Amino acid sequence: MVRYLMETMCMFVMGRELYIYRDGCYYLDQDGIKVKAVVSKLIPEKFITFRCLSAVYNLLIEQQELQKSLEELNAYPPWWINFKNGMFDVREGNFVSISQNTCRSTRFLMPWIWRYGRIWMRREKIRAGS
């Protein structure tokens, strides 16, 4: 079960806190609520207990491959601006696409748009929980 979660979900652990990738950024999964919901969909209903879900969660957050240090989090150059759809390199003046391997936990919620030699941020309606 833990191996399956590691292969299908993009996540990392810092300390004992789990971060899950969504919409271009990693978000804290407070108390493992989201990952436990995924686990509860994968196992038979008679095994869905607090004890079982907590056991899977604890095994997951103890996996060495998922561990990240504070230095690895948001470890991009200070002159890059973090947007919803990537990063803007201020020094070079170009947009850098990012992957899920880039551990970002902070960002502007708007996507980056380049028009008329300037950065534009399109306003989006932000849904609760994003």
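**Around helix α2**

Reply: Among the elements that cover the buried residues of α2 are α1 (2-8), β2 and α3 (50-61). Helices (H or I, at least four residues) and strands (E, at least two) are DSSP runs, numbered from the N terminus.

Me: Which residues of α2 are buried?
Reply: V35, K36 and V39 are buried in α2. Buried means under 20% relative accessible area, exposed over 50%, and partly exposed in between (1.4 Å probe, protein chains only).

Me: Why are they on the same side of α2?
Reply: Because they cover an arc of only 100° around the axis. That arc is taken from the directions from the helix axis to the C-beta atoms.

Me: What is exposed on the other side of α2?
Reply: I33 and K41 are exposed there.

Me: Where do the model and the numbering come from?
Reply: This is a predicted model, where local features need pLDDT of at least 70, side-chain atom pairs count only at pLDDT 80 or more, and totals for chains, interfaces and linings use all residues. Residues are numbered from 1 along each chain as its sequence is written, and side-chain values use heavy atoms, with hydrogens and water left out.

Me: What pLDDT does the protein chain average?
Reply: The average is 76, and 71% of the residues score at least 70. pLDDT is the predictor's confidence in each residue, from 0 to 100.

Me: Which elements have the lowest and the highest mean pLDDT?
Reply: Strand β8 (residues 118-121) has the lowest, 46. Helix α2 (residues 33-42) has the highest, 94.

Me: Where does pLDDT stay under 50?
Reply: One stretch is residues 105-112, with 41 contacts beyond four places in sequence in the model. Another is residues 114-130, with 26 such contacts. Contact means heavy atoms within 4.5 Å.

Me: New topic. What is the strand order in the open sheet of three strands?
Reply: The order is β1-β2-β3, with antiparallel pairing. The edge strands are β1 (11-14) and β3 (25-28), and each pairs on one side only. Two strands pair if DSSP finds at least two bridges between them.

Me: How many bridges join β1 to β2?
Reply: Four, and β2 covers residues 17-22. For M11, the bridge partner in β2 is I20.

Me: Why does C10 count as partly exposed?
Reply: Because its relative accessibility is 22%. C52 is partly exposed too, with a relative accessible area of 24%.
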